[in-house]
Amino acid sequence: MEDNKTQAAAGVEDTDSLSAPVSPKTDDTGQGGGEGAEQPQERAEDDGDTERGSQADSILVEGMQEIAISDDSSSSSGQKPPPLKAAGAPAEASYAAAGSAEQQEKPRSPGRRPLSPNAIGIVRTSSKSPATTHPLQGGAGAGAGAGSGRGSAASSPKGRSFESADRTAAAAAAAAAAAAAAAATPITSIAASAASAVGRAPASRLADGEISGCEEEEDDDPVLAYEEEQRRRFRLAEQRRVQKEQLAQRCVSSEEIETMRSGLYNARESRNATELRILNGKYPDGLRGSLFMVGPGSLDISYNVQGELEQSTRAFTFGNLLDALPLVTKITFDPNAGAGSGSIVHRSRLVAGHMAGRIQSEHGINARIPGSLYQSESNQTVLARFMPRQTYPITAESESCSQGVHLFVPLQGSSQNIVCTNHTGALQNIDPVDLRPRATVETRQINGAFACSLSTPQMQHDADTREHFMVLQDVGFRSTAYSVVSISDANPDGYVVASFTAQPSVVHSFSLTRDYVVVPVHPYQAPVGGPGYRWSDSLLETLEFDRTQPVVFYVVSREYRRVHCVYRAPAFFAMHQINAAQEPAADDSVTIDCVAYEDDTVLRRLRIDSLRRASAGFAIPSAQIRRYRLPRITMEAQHYVPGSLRMASVPRAHVLVLRNEPAELPSVSPAFVGRPYTYLYGVSHLDRLLRREDHLQGAGPGSTMYNCLVKLNVADPAAPPRIWSRNHCLPSEPVFVPRSGAEDDGYLVSVFFDSMRIASCLLVLDAATFEEILIAQLPSPVPVSFGHARFAI
């Protein structure tokens, strides 16, 4: 009997191990017979032992009854049973014909689709989910037939004696239930149930035979398993990191909101051209050209630090606003676009990407030369100061040129470019169309005689001769050599106009007239010579303003290319020159107008952390609009002896206060540069202009950054200033765009930051009346700027 059971089980194995679909046999009535019933009968015919075949059928019936009982118990738990037969075919007649030993194999019926034996165990279902309908299964009628057939099989208890025909029919019904349950029962569960019914010994044969053939699995490689586990853990850790970053982006702290409202946070560039939407007003009549601005773009640079257990993110923050990495902005006005109504197109770009990457890799700034920063901690160790400085190749984006922007400077064989500058002699060539950095060059690469340590970020341009002038400082061990240099289209290699020796100083700008270049050297104490010689990475930590020493004006003759004479004046500090004019030849005097401070506190107050969260009493100092007159230059030139400067014998410059109202980032009409003028435009503090006592004492939010635009009449001190302001708005440098030959007939173009909406807008004013003409919103905020702008027509 055990052998019979083994043979019967082998018959089930052979049926399930088929890889190709096999069509069921058909009897005389054309109805298919079960494959599980045919296999043992064929073996009985081969052996010639009909009795042994009947016994095998009995054993198979008992096994299949237990499978049917197991499936029926699943069905009672809520699972819909699959049908036992095709629609319209009686189960008893079909499987009785298949169980007859004398049945002959009939040809396949063309109207019947084959039922694959591999259908067993294709889809796994549970008692909690409904059974999946098999593709070959009938409709509602088949489902009803399945329920009745399965119920009859399950109602027969195990071990009960039946007649031979009844036993054959029951076996056929049980086999049909197992085959029709293919869509709901996996191979492993069917095999396990069959092995449990037939006997425990053949179970291993099932697992090693047919199941291994259907689901072939290789032995796990421990190395591959370990690598897969490591990859899984890495993926989980990366998912957690991304989730944390997304959560951090959605959650903004009150400190971050305060930083954003200060207007001093990292900008987002907009490289693609974007047409601006006009919020108020209309397009200015006849306004054509492009506004180019440079200012702070990246104030905080994040970098990763590897800890003992995990990585942490930290940020390097620049100390001074003038040290931040630059953002260049271009706003183009086209009156013919937009169906004749005019359009305004904006684009911006961060142009110091290589330097930002270097800061991330070094966790700070490894200054290329001493004094290359105004007032920022380099975040380097003390030992790094005494080690040889690492040199980097100068690339298009390796330097921070954020302190000046100039138009059509002849550089690298072309003058069709925009040049951004800094205070260390670097010039960045910018494509005027898409703002792409072309190259960054040093002054010594233009001309070997232009080697320097420091330079003036503000260049001066002579529209008549098309020359661009700079003042360079070459700091030595005992003295500093100053050079006034010129480059032009006619002479792109440039030349040195004149040189002189003086103490090192912070010279941000200078003056230019028809015949002279006037360089103001502000009084500073520097560790030059001796054991105290030391230059820090920050310029303001190396130099200290000296109120006891005078300012010396060096007057350089453009014609004779030498220092003509010098003048002195009481100590003051000026970042920006307003204008300079040369009086008639009879007097041969030069007047220089500038924004004058008592000392350089304004430069030291431009600290980013102080401007973001100003404490009580913090204030940017107020300035005066002063005019310094240098009389009788030709006469004084006859008494000047180069190299023997004795202050007692140096003539004094005459000082005149034009306006007491504070103003910064000044500009005048381009047609009146180098000539006598009347109107001055700039940024200022509203409450100081209105002479409110609390802000005169340096308290309140109006004392941090400038919050209004102002127009001053320098020819009439009694004339009231014209003011533009909006609540919570911080404007940048205004640029005058002429409309006609009149001095104040034109447009005033600026960009302001709205600290309440955390947005930036373009502003166009009527320069004569100071009335708003247009306000258009920019696609992304522009940080509050102490930078500069130029308008190209």
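The largest cavity of the predicted model has a volume of about 190 Å³, where a cavity is a set of points on a 1 Å grid over the protein atoms alone at which a 1.4 Å probe fits but cannot get out, and where the volume is the space filled by probe spheres set on points joined across faces, edges and corners. In total, the structure holds 14 cavities of 30 Å³ or more. The lining of the largest cavity, made up of residues with an atom within 4 Å of a point, comprises 16 residues, of which Met-355, Ser-372, Leu-373, Glu-399 and Ser-400 lie nearest the centre. This lining divides into 5 nonpolar, 7 polar and 4 charged residues, with Ala, Val, Leu, Ile, Met, Phe, Trp, Tyr, Cys and Pro counted as nonpolar, Asp, Glu, Lys and Arg as charged, and the others, Gly among them, as polar.

Residues are numbered from 1 along each chain as its sequence is written, and side-chain values use heavy atoms, with hydrogens and water left out. As the model is predicted, local features need pLDDT of at least 70 and side-chain atom pairs count only at pLDDT 80 or more, whereas totals for chains, interfaces and linings use all residues.

The chain averages a pLDDT (the predictor's confidence in each residue, from 0 to 100) of 76, and 67% of the residues score at least 70. Over residues 1–166 the pLDDT stays under 50, and the model has 207 contacts (heavy atoms within 4.5 Å) beyond four places in sequence for this stretch. The pLDDT is likewise below 50 over residues 182–217, a stretch with 58 contacts beyond near neighbours in sequence. The chain has 19 helices and 38 strands, taken as DSSP runs numbered from the N terminus, with at least four residues of H or I for a helix and at least two of E for a strand. Of its 793 residues, 52% count as buried, that is, under 20% relative accessible area, with exposed meaning over 50% and partly exposed in between (1.4 Å probe, protein chains only). Among contacts between residues at least 6 apart in sequence, 67% join residues at least 24 apart.

The C-alpha atoms of Pro-326 and Val-351 are separated by 6.3 Å, although the two residues are 25 apart along the chain. Beyond four places in sequence, Pro-326 touches residues including Val-294, Gly-295, Val-351 and Ser-400; Ser-400 is also among the residues nearest the centre of the largest cavity. Pro-296, in strand S5 (residues 289–298), is buried at 6% and lies 8.5 Å from Val-782, C-alpha to C-alpha, across 486 residues of sequence. Its contacts beyond four places include Leu-321, Leu-327, Pro-783 and Ser-785.

His-576 lies in strand S25 (residues 573–582) and counts as buried because its relative accessibility is 4%. The side chains of His-576 and Glu-664 are joined by a polar contact of 2.9 Å, a polar contact being a pair of N or O atoms within 3.5 Å of which, within protein, one must be able to donate a hydrogen and the other to accept it, and residues adjacent in sequence count only if both atoms are side-chain atoms.

Terms used
1 Å grid on protein atoms, 1.4 Å probe; cavity = no way out; pocket = protein on both sides within 12 Å on 5 of 7 lines; lining within 4 Å.
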